[in-house]
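I opened the notebook to log what I looked up in this structure. Each entry takes one topic.

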Amino acid sequence: MIDMKKASMAFSEYVKPYDITNPKIEIKIKHTYRTVEVAKRIAEDLKLNEEQILLAELIALLHDIGRFEQVRIYNTFKDRDSIDHADLGVKILFEDGAIRNFIEDTKYDDIIYKAVKNHNKFKIEEGLDEETLLQCKIVRDADKTDIFGIFVDDIEKDKNILYNYEEVAKQRVTPEIMKKFEHYEQADRHDFKNEVDDYINIISFIFDYNFLTGLKIVKDNKYIERTMKPICICEDTKEQMEKIIKIANTYINERIEKGC
């Protein structure tokens, strides 16, 4: 069986060398542990067996392991400006061999590899077996859910750690990105023209949820309104931002009402 206590201790050891005074490092440690809890909740809501639940927790623990080296080297979370943190994560785990610090048994390696690698991609790769696909979906939902938590809780200490909110609030979402949003679609990050497009992409995470658990957490915590609040401060763009909030909440409510 997967020993989450041992894995958590290994994670603590792994992050020790990194500068905890760097708020980006602090945020990612907190994010990791919270993502584990969300993944567990999703797996339990799906009524999975104990082994599947523990595997979901372990994958969540490991999903952002590449972030720490990314921050150390580049001091950014933006993959397009540095390196794909999921690809770096699987390199650290499987090429460098760090995975054995977290679990001795190799039976889950293929699933862990695919789930970590796919957690941040625009779409999950095709051709995966049923169990691997399930774990990919769980970690993606859990990760997205706690990213909202980062935006409404962790950045309170330093609102500009991720974005310059005053500047983002002045920008208008480009028509192509807005059209995607209105049609309940995520846009490809390569199509972003400015920082507000990137910011709105966080909200559009909801369109890629696989299960209702995460969407219910978003709704219950008013994550849409709270994530948008810092950029709803400019009269020239406020109407567009409020429209985005309305579309997002309509989508969430529709999904929850349908029960799927």
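**Entry 1: disulfides.** I am working from a predicted model. I searched for disulfides and found 0 in the structure. A disulfide is a covalent bond between the sulfur atoms of two cysteines. I then looked up Cys232. Which cysteine holds the sulfur closest to that of Cys232? It is Cys234, and the two sulfurs are 10 Å apart, too far for a bond. The cut-off for a disulfide is 2.5 Å between the sulfur atoms. Cys232 is buried, at 17% relative accessible area. Cys260 is exposed, at 54%.

**Entry 2: salt bridges, overall.** I ran the search over the whole structure and got 22 salt bridges.

**Entry 3: Glu104 and Lys6.** Their side chains meet in a salt bridge, with N to O at 2.9 Å. Where do the two residues lie? I placed Glu104 in the loop between helix H6 (99-102) and helix H7 (109-118), and Lys6 in helix H1 (residues 4-15). They are 98 residues apart in sequence, so the pair ties together separate parts of the chain. Glu104 is exposed, with a relative accessibility of 60%. Lys6 is partly exposed, at 32%.

**Entry 4: Arg72 and Glu69.** I noted a salt bridge between these side chains at 2.7 Å, N to O. Both residues sit in helix H4 (residues 65-74). They are 3 residues apart, which is about one turn of the helix. Glu69 is buried, at 18%.

**Entry 5: Arg80 and Asp198.** Here the closest N and O atoms of the salt bridge are 3.3 Å apart. Arg80 lies in the loop between H4 and helix H5 (85-95), while Asp198 lies in helix H11. The partners are 118 residues apart in sequence, so I logged this pair as a tie between parts of the chain. Arg80 is partly exposed, at 44% relative accessible area. Asp198 counts as buried, at 10%.

**Entry 6: a network, and a charge over a ring.** Which residues are linked in a network of salt bridges? I listed Lys28, Asp64, Arg67 and Asp79. I came across Lys28 again when I looked at rings. Lys28 lies over the face of Phe77, 5.1 Å from the ring centre. I found another such case at Lys123, which lies over the face of Phe122 at 5.5 Å from the ring centre.

**Entry 7: aromatic pairs.** My search of the whole structure returned 14 aromatic pairs. I picked out Tyr165 and Tyr199. Their rings are edge-to-face, with 5.8 Å centre to centre and 85 degrees between the planes. The pair links distant parts of the chain. Tyr165 is in helix H9 (residues 165-170) and Tyr199 is in helix H11 (residues 195-203), 34 residues apart. Both tyrosines came up buried: Tyr165 has a relative accessible area of 5%, and Tyr199 has 0%. I also logged a cluster. Ring pairs join Phe11, Tyr14, Tyr18, Tyr33 and Phe68.

**Entry 8: helix H2.** I checked the length of H2 (residues 23-45). At 1.5 Å a residue, its 23 residues should span 33 Å. The end C-alpha atoms are 33 Å apart, which agrees. What sits at the start of H2? I found a side-chain oxygen of Asn22 reaching to within 2.9 Å of the backbone nitrogen of Lys24. Just after H2 comes Lys47, with a positive phi of about 60 degrees.

Entry 9: Most residues other than glycine have a negative phi. Lys47 lies in the loop between H2 and helix H3 (50-62). It counts as exposed, at 73% relative accessibility. Lys222 is not a glycine, yet its phi is positive, about 50 degrees. I placed Lys222 in the loop between helix H12 (212-220) and helix H13 (223-228). Lys222 is exposed, at 53% relative accessibility.

Terms used: Residues numbered from 1 in each chain as written. Predicted model: local features only at pLDDT ≥ 70, side-chain atom pairs only at ≥ 80, totals over all residues. Heavy atoms only, no water. Phe/Tyr/Trp six-rings, centres within 6.5 Å; stacked < 30°, edge-to-face > 60°. Helix = DSSP H or I, 4+ residues; strand = E, 2+ residues; numbered from the N terminus. Buried < 20%, exposed > 50% of the residue type's maximum accessible area, 1.4 Å probe, protein only. Lys NZ or Arg CZ within 6 Å of the ring centre and 35° of its normal. Expected span 1.5 Å × (residues − 1). Polar contact = N/O pair within 3.5 Å; in protein donor to acceptor, adjacent residues only side chain to side chain. Salt bridge = Lys/Arg side-chain N within 4 Å of Asp/Glu carboxyl O.
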